[in-house]
Amino acid sequence: MIDAAHETIQSGWYLRGRQTEAFEREWGDYCQAPYTVAVGNGLDALRLTLLAWKILLNWSDGDEVIVPANTFIATPLAVSQAGLRPVFCDVNLSDALICTETSYLESLLTPRTRCIIPVHLYGQLANLDRIYTFAAKHSLQVLEDACQAHGAQSIYNNVYKRTCAYSFYPGKNLGALGDGGCITTSDKELSTLIRSLANYGQSEKYIHNYQGVNSRLDELQAAILRVKLRHLNADNHRRQQIASYYASQLSEVNSFHQPSAIMDGSHVYHIFPFLTGRRSQLQQFLDRTNIQTLCHYPVACHKQKAYSSENHLTIPNAEFWCQHELSLPISPVLSDEQAEYVVASIRMFYQQ
Ligand SMILES: *Cc1c(COP(=O)(O)O)cnc(C)c1O
């Protein structure tokens, strides 16, 4: 990374250059996606895609986008900031992924529904077969929020026309040393419009067809990401090893059903979720043994003040996850000894 940064600094060219172009090509190849547009962050990847569809497909302000209620706030914010309305939907109790039961999804449809955003939460792919079938039936666009799922293998690359949004926030499976984001898509026209919107709505220098924004991946971050991309598969494999160990060791420690480890390459364990009825006690106990944990997420989107008009809603499974989820340490640099210490500490907590 230091060599790559050095070379980029020496090059004297810091935005919209060789590194970004090369990264777009390499990330596109890795994802098996025909078109790739690098942008400033994950929120912009989602927001600019929605804005581009709004223009291309003549959507109106206030048109609706179905979004799971248990996700990072960026997902619904992208919808709101594109002038659209998030319609919060529930997730599965078993895996926290968007609920794809047909009758349930149909109950959320109105004449203004335009799009559905499955979030590949915690690193696991949502049920894309069902989502694309549902979307095709009701003429909806599908925008995959893949900000937590870099490298989650999809058998759908050649089956569906897909559009995915990625974030390269430092803590993601593929993270820069600052902000970054990207859209991969099989839709050429969409990619061209997103590229223009991300660059002040320019079609050529100083000719502006749209009121665009400034959202760029810089050359230094692109150079860093190119180096880290070469390690992504190995990093994800290490995450899967840790997840498999946690799942085998912790499946029976409490009364909640714990998700079992999925090792087919479709789950890259951005997060390892552990469900517990005594979350704050367990978190405090682990904190005292120097094990840091987080909750993803403590408050569902529809219960946030930022979405006060939706606060009255009850979305049961999303709320269950928000009340019981605790994220255990997982990362490519976690050692076997550290993972064993986490398991031993959790066992100790439950034996008290
Ligand atoms: C991180 C994340 C985002 C936003 O990414 P930023 O780069 O921080 O803007 C969007 N959606 C999900 C699910 C995320 O985890």
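A residue counts as buried when its relative accessible area is under 20%, as exposed when that area is over 50%, and as partly exposed in between. By that rule Arg 47, at 16% relative accessibility, counts as buried, and this reading, like those that follow, comes from a predicted model. The protein has twelve helices and twelve strands, and buried residues make up 55% of its 352 residues.

**Overall form**

- The radius of gyration of the protein is 21 Å, which agrees with the value near 20 Å that a compact globule of 352 residues would have.
- Taken along the principal axes, the C-alpha atoms of the protein fill a box of roughly 70 × 55 × 35 Å.
- Of the contacts in the protein between residues at least 6 apart in sequence, 70% join residues at least 24 apart.

**Helix α1 with helix α8**

- Helix α1, residues 2–11, and helix α8, residues 219–229, have axes that come within 9 Å and cross at roughly 150°. Because angles over 145 degrees count as roughly antiparallel, α1 is roughly antiparallel to α8.
- The crossing in which α1 passes α8 is right-handed.
- On the α1 side the contact involves Ala 4, Ala 5, Thr 8 and Ile 9, which meet Glu 219, Leu 220, Ala 223 and Val 227 in α8. The residues of this contact of α1 with α8 divide into six nonpolar, one polar and one charged.

**Helix α3 with helix α7**

- Helix α3 packs with helix α7, residues 188–198, at an angle of about 115°, and their axes are 9 Å apart.
- Here α3 passes α7 in a right-handed crossing.
- From α3 the contact draws on Leu 48, Thr 49, Leu 51, Ala 52, Trp 53, Ile 55 and Leu 56, which meet Glu 189, Leu 190, Leu 193, Ile 194, Leu 197 and Ala 198 in α7. The residues of the contact of α3 with α7 comprise eleven nonpolar, one polar and one charged.

**Helix α10 with helix α12**

- Helix α10 and helix α12, residues 336–351, pack at an angle of about 125° with their axes 10 Å apart, and that angle makes α10 oblique to α12.
- The crossing of α10 past α12 is right-handed, and the residues that make the contact are Gln 281, Leu 282, Phe 285 and Leu 286 of α10 together with Ser 345, Ile 346, Met 348, Phe 349 and Tyr 350 of α12. The residues of the contact of α10 with α12 divide into seven nonpolar, two polar and no charged.

- Arg 47 lies in helix α3, and, not counting residues up to four places away in sequence, Arg 47 touches Ala 78, Gln 81, Ala 82 and Val 213.
- Asp 44 also lies in helix α3, which spans residues 42–56, and Asp 44 is buried, with a relative accessible area of 7%.
- Leaving aside neighbours within four places in sequence, Asp 44 is in contact with Val 39, Thr 49 and Ser 215. Thr 49 is also one of the α3 residues in the contact with α7.

**Loop residues and backbone geometry**

- Asn 58 lies in the loop between α3 and β2, where β2 covers residues 64–68; phi of Asn 58 is near 60°, a positive value in a residue other than glycine, and Asn 58 is exposed, with a relative accessible area of 67%.
- Ala 96 lies in the loop between β3, residues 85–89, and α5, residues 102–107. Ala 96 has a positive phi of about 65° although it is not a glycine, and Ala 96 is buried, with a relative accessible area of 2%.
- The peptide bond from His 296 to Tyr 297 is cis, with omega near 10°, and Tyr 297 is placed in the loop between α10, residues 279–288, and α11, residues 316–324.
- Thr 110 is found in the loop between α5 and β4, residues 113–116, and counts as partly exposed at 34% relative accessibility.

Methods:
Residues are numbered from 1 along each chain as its sequence is written. This is a predicted model: local features need pLDDT of at least 70, side-chain atom pairs count only at pLDDT 80 or more; totals for chains, interfaces and linings use all residues. Side-chain values use heavy atoms; hydrogens and water are left out. Axes are lines fitted to C-alpha atoms, for helices over the stretch in contact, and angles run from 0 to 180 degrees between N-to-C directions. Helices (H or I, at least four residues) and strands (E, at least two) are DSSP runs, numbered from the N terminus. Angles under 35 degrees count as roughly parallel, over 145 as roughly antiparallel, 65 to 115 as roughly perpendicular and the rest as oblique. A crossing is left-handed if the near helix is turned anticlockwise from the far one by less than a right angle, and right-handed if clockwise. Contact means heavy atoms within 4.5 Å. Ala, Val, Leu, Ile, Met, Phe, Trp, Tyr, Cys and Pro count as nonpolar, Asp, Glu, Lys and Arg as charged, and the others, Gly among them, as polar. Buried means under 20% relative accessible area, exposed over 50%, partly exposed in between (1.4 Å probe, protein chains only). The radius of gyration is taken over C-alpha atoms; the globule rule is 2.2 Å times the number of residues to the power 0.38.
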